[in-house]
Amino acid sequence: MTRSERFIDTFFKYDVMQQYWPDILKGLFVTCQIAVLVVVCGLALGLCLAILRSYRFRLVNLCIIVFIDLLRALPPLVLILILYFGLPNVGVSLSGYVVLWLVLTLVLAAFAEEIFWAGILSVPQGQWQAARSTGMSYFKTLIYVVLPQAIRMTIAPLTNRTIAITKNTALGMVIGVGELLNQATTAQSFAGNATPLMMATIAYLILFIPVVYAGRRIEQAYAWRKR
Amino acid sequence: MFPVQPLPILNVEDLHLHYGDMKALDGVTLEAKTGELTFLIGPSGSGKSSLLRCCNRLEDPSSGRILVDGEDITQRNINLNRIRRGIGMVFQSFNLYPHMTAKGNVTLALRKVLGKSRKEAEEIGLAQLERVGLVDRADHYPNQLSGGQQQRVAIARALALEPKIMLFDEPTSALDPELVGEVLKVMRQLKEDGMTMVVVSHEMRFAKSAADHVVFMAEGKIVEAGPPAQIFDAPRAERTRAFLQEAHH
Amino acid sequence: MEQFLFQFFNLDIMVQAWPIMLRGFGMTLLLCAVVIPMGLAGGLLVAIASTAPQRWIRWPTAVLVDLFRAVPPLALLIFISAGLPFAGIRLSPFTAVCLSFLLNNSAYYGEIYRAGIDSIGTGQTEAARSTGLNSLQAMAYVVLPQAVRNVLPDLVSNTIEVVKLTSLASVVAFAELLYSADMARSITYNASPIVMAAGFYLVLLWPAVRLASRLERKLST
């Protein structure tokens, strides 16, 4: 066997591909499903928290800040293990799927809240005053005047952060969620061949390269706002 | 027939505004009648802008009363949003919403505060843009408009709610000199239409020709008030004289 | 409530697990001490390569950066530690972790440096070049110091992410903090050791998180 044949046999073996592509596809589907759920719920929760924070109730804001700091400081895998292995012993049994979704949603919400909040703060005070002077309530001003401007400024950092957290769906492997990486490692150990891992890697590339690329374009398009 | 006596629409009574030890307003009393243009002048930090901002409750006065059309707007439980609708405000820095067109800026409050339909709001909005001579710019975004045009849109935005009184906070200070004229022209037109206006500005020539009352303020107090002829040509107070001399340089 | 405390904050178990946790924490610190400087240095190379005037340097760098940004760090780590052996490349868990972190972090740090370099106008380079510095000197003495200051908050928050990512090493049986905690958990059937690990991470990272959000706020206003 030549070197290149051996390489192909290790990472691109045709039989293995043929046998395991349905599993890989199933994993990809689960990964996409969790990713979409995490992105939608995480961003929505983050936005709600940022709105809540803008009302500046002292005690509420303290809670929000502690929540954010905790989720920024703790590795998601630690949270996943605590919930997955700890909760059943106190009578709350959550599936790996739910634990993964919950943890990643909370983590994304924490980061998104910080970013939205920075965006809200960056809208000039004059915008608030102008809107309030036309009789708009605080909430209406926030929704129709401040947030549309704030969100525009947050798109770039938000995209990057969202991608980074969505990739953490791979952590599901550790608690047996049937997502892409889990399917691939399982297939790899059955097949005794690295091809499934290569398939998973390619699947991740197909999934995330467009998003990474879009994120880069958005960043460039909005870069002038920072200066 | 009796001659119609203009009614006072704005009464400011012994207004105080303190920030800690600093007295931004120190007992200001002022009255404006329907259709009058009151012009506030004074050195920076004299409290002119604070007074305007109190009249819209963007600042909360420490004590005193402000009556608009007989209603005390400094009451604690008053519905601020209802009050503010009746008092138009124009800012030095325009504060147009950058993510909306001129039309969007003018119609937002009509739709979201007054609950008018889009069609109805646009009818009113376009009429107000017409009034400031910008109906052909209705679909432009603020960054596509000159400073003078932006300020005129801001005036239209305030007018759309049919306020009883309009407050102008240095409306031309942020403009290049060649753009000041178009804004003043709109303001003069408003005055002719019978709008009650309170203006903080440094445009003394405009004050001389358009104002009914000129009020000179310093250190949070009204030093001297009267018709323009008195303030500009025969000021009584020493401080007024000094200020005007300074302003002419 | 008692059940909850027993499960998550069990003092006896925590005392028992203390020595092994401490050793794990030491390994985590060691790992950080290796992978953070490596990532910072690798990122610098990536940034310089991705702002190079030559197209044939710039393009492949951009492709590689996107590749490593698109693959989840855990997938990369598993690929290196479980996939490469099939091709005859056997790495110790420590080496596998270091290699995958180098690839992943260089891409991320590189993007941050690049944004910083982009934020410095070409006037600075031109001024430096006009005084006779060559392009590398201009980069090192004039552009980079300003660039790093501009992106300091991003560098700090990415470093926090790197420290958190070291927990992935537990998946490939490298005996760092989380691995030790999970060992203790599986022996005691109690989640307290993992809560304890969370405590260690908090002690390490909470000040850094506070610093990061203060830096972010300072620069944005």
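Among contacts in chain C between residues at least 6 apart in sequence, what percentage join residues at least 24 apart? The answer is 76%, where a contact means heavy atoms within 4.5 Å.

Before I go on, a word on the source: this is a predicted model, in which local features need pLDDT of at least 70 and side-chain atom pairs count only at pLDDT 80 or more, while totals for chains, interfaces and linings use all residues. Residues are numbered from 1 along each chain as its sequence is written, chains are lettered from A and ligands numbered from 1 in the order in which they are written, and side-chain values use heavy atoms, with hydrogens and water left out.

Let me stay with chain C. Its secondary structure comes to 10 helices and 0 strands; here helices (H or I, at least four residues) and strands (E, at least two) are DSSP runs, numbered from the N terminus. The C-alpha atoms of chain C fill a box of roughly 70 × 50 × 25 Å, taken along the principal axes. Of the 221 residues in chain C, 49% are buried, and buried means under 20% relative accessible area, with exposed over 50% and partly exposed in between (1.4 Å probe, protein chains only).

Why is helix α4 of chain C, residues 73–83, described as largely enclosed by the rest of the structure? It is because 9 of its 11 residues are buried, and among them are P73(C), L74(C), F79(C) and G83(C).

Now to the way the chains meet. There are 2 pairs of chains in contact, and chains A and C share the most contacts. Chain B and chain C, on the other hand, are joined by no contact, and their closest C-alpha atoms lie 19 Å apart.

Chain B is where we find sheets. In one of them, 4 strands form an open sheet in the order β2-β1-β4-β5, with antiparallel pairing; two strands pair if DSSP finds at least two bridges between them. The edge strands of this sheet are β2 (22–33) and β5 (71–72), each of which pairs on one side only. Strand β1 of chain B, residues 8–19, pairs with β2(B) over 9 bridges, and within that pairing V12(B) stands opposite L30(B), while Y19(B) has M22(B) as its bridge partner. The hairpin of β1(B) and β2(B) has 2 residues between the strands, and G20(B) takes a positive phi near 60 degrees there. Strand β1(B) also pairs with β4(B), in the antiparallel sense over 5 bridges, where L10(B) has V68(B) as its bridge partner. Across β1, β2 and β4 of chain B lies helix α1 (residues 48–55), running at about 115 degrees to β1(B); axes are lines fitted to C-alpha atoms, for helices over the stretch in contact, and angles run from 0 to 180 degrees between N-to-C directions.

In another sheet of chain B, 6 strands form an open arrangement in the order β6-β7-β8-β3-β9-β10, and the pairing is mixed. Its edge strands are β6 (87–90) and β10 (221–226), each pairing on one side only. Within this sheet, 5 bridges join β7(B), residues 165–169, to β8(B), residues 196–200, and these two strands run parallel, with M197(B) as the bridge partner of M166(B). Finally, helix α6 of chain B (residues 177–192) lies across β3, β7 and β8 of chain B, running at about 150 degrees to β8(B).
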